[in-house]
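Subject: Structure handover

Hi,

Here is the structure I promised to pass on. My notes follow below it.

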Amino acid sequence: MIDRTAELVFAEKMNRVKYQVGTMIEIPRAALVAGQIAKDAAFFSFGTNDLTQMTFGYSRDDAGKFLGEYLNEGILLDDPFQVLDVEGVGQLIEMATKNGRMAKPKLKVGICGEHGGEPKSVTFCYQQNLDYVSCSPFRVPVARLAAAQAAINQ
């Protein structure tokens, strides 16, 4: 459907542009069936904020009411909306990346969200051989430094 629509627009505008069709992986089921999804996608971009909400089963908006207590009590070591939860969300990313690339070896994979500018999260992405991280412009210098440090440390 996307390719047909693109062809109609190209014909109407009498101009073509290169494009790729990929998908955001934002829910656990999408991560679980990533091998199937990869057959029709040029890239995966993990929407880490939504994937975190869905994996933990709580809303980011509501989490502020209890996350402080979870951190104080040691239930969580980090706010999962600030630092990627490697144990849970990270496991989904790792599995989906592996299965996606088994189905399509040249699949581009990255993350999109504030985790892309957080050093521990960037290090995890580097360790998983992701192709990119995306984050807010003000976080780009930290993301670049974290990526360089991850490369040096490996």
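A definition to start: buried means under 20% relative accessible area, exposed means over 50%, and partly exposed lies in between, with a 1.4 Å probe and protein chains only. Please keep in mind that this is a predicted model, so local features need pLDDT of at least 70 and side-chain atom pairs count only at pLDDT 80 or more, while totals for chains, interfaces and linings use all residues. Residues are numbered from 1 along each chain as its sequence is written, and side-chain values use heavy atoms, with hydrogens and water left out.

**Overall layout**

The chain has nine helices and four strands. Helices (H or I, at least four residues) and strands (E, at least two) are DSSP runs, numbered from the N terminus. Along the sequence the order is α-β-α-α-β-α-α-α-α-β-α-β-α. The C-alpha atoms fill a box of roughly 60 × 35 × 30 Å along the principal axes. Of the 154 residues, 36% count as buried.

**Strands**

Two strands pair if DSSP finds at least two bridges between them. Strand β2 (residues 43-47) pairs with β1 (residues 23-25) in the parallel sense, over three bridges. I25 stands opposite F46 in that pairing. β2 also pairs with β3 (residues 108-112), again parallel, over five bridges. Here F43 stands opposite K108. β2 is mostly covered, with four of its five residues buried. In a regular strand the side chains alternate between the two faces of the sheet.

**P80 and H115**

P80 sits in the loop between α6 (67-72) and α7. P80 counts as buried because its relative accessibility is 1%. Its backbone oxygen lies 2.8 Å from a polar atom of the H115 side chain. H115 is in the loop between β3 and α8. At 0% relative accessibility, H115 also counts as buried.

**S136**

S136 is in the loop between β4 (132-134) and α9 (140-153). Its relative accessibility is 17%, so S136 counts as buried. Its side chain makes a polar contact with the side chain of E114, at 2.6 Å. A polar contact is a pair of N or O atoms within 3.5 Å; within protein, one must be able to donate a hydrogen and the other to accept it, and residues adjacent in sequence count only if both atoms are side-chain atoms.

**Pocket**

A method note first. On a 1 Å grid over the protein atoms alone, a cavity is a set of points where a 1.4 Å probe fits but cannot get out; a pocket is an open set with protein on both sides within 12 Å along at least five of seven lines; lining residues have an atom within 4 Å of a point. Grid points are joined across faces, edges and corners, and a volume is the space filled by probe spheres set on the points.

The largest pocket holds about 250 Å³ of space. Its lining has 13 residues, and L77, D78, L84, D85 and V86 lie nearest the centre. The elements giving two or more residues to this lining are α7 (86-103) and α8 (119-127). By type, the lining divides into eight nonpolar, one polar and four charged residues.

**Cysteines**

There are zero disulfides, a disulfide being a pair of cysteine sulfur atoms within 2.5 Å. C112 counts as partly exposed, at 31% relative accessibility.

Most residues other than glycine have a negative phi. M14 has a positive phi of about 50 degrees although it is not a glycine. M14 is in the loop between α1 (2-13) and β1, and is exposed, with a relative accessible area of 76%. N129 has a positive phi too, of about 60 degrees, and is not a glycine. N129 lies in the loop between α8 and β4. With a relative accessible area of 55%, N129 is exposed.

Best wishes

Definitions and conventions:
Ala, Val, Leu, Ile, Met, Phe, Trp, Tyr, Cys and Pro count as nonpolar, Asp, Glu, Lys and Arg as charged, and the others, Gly among them, as polar.
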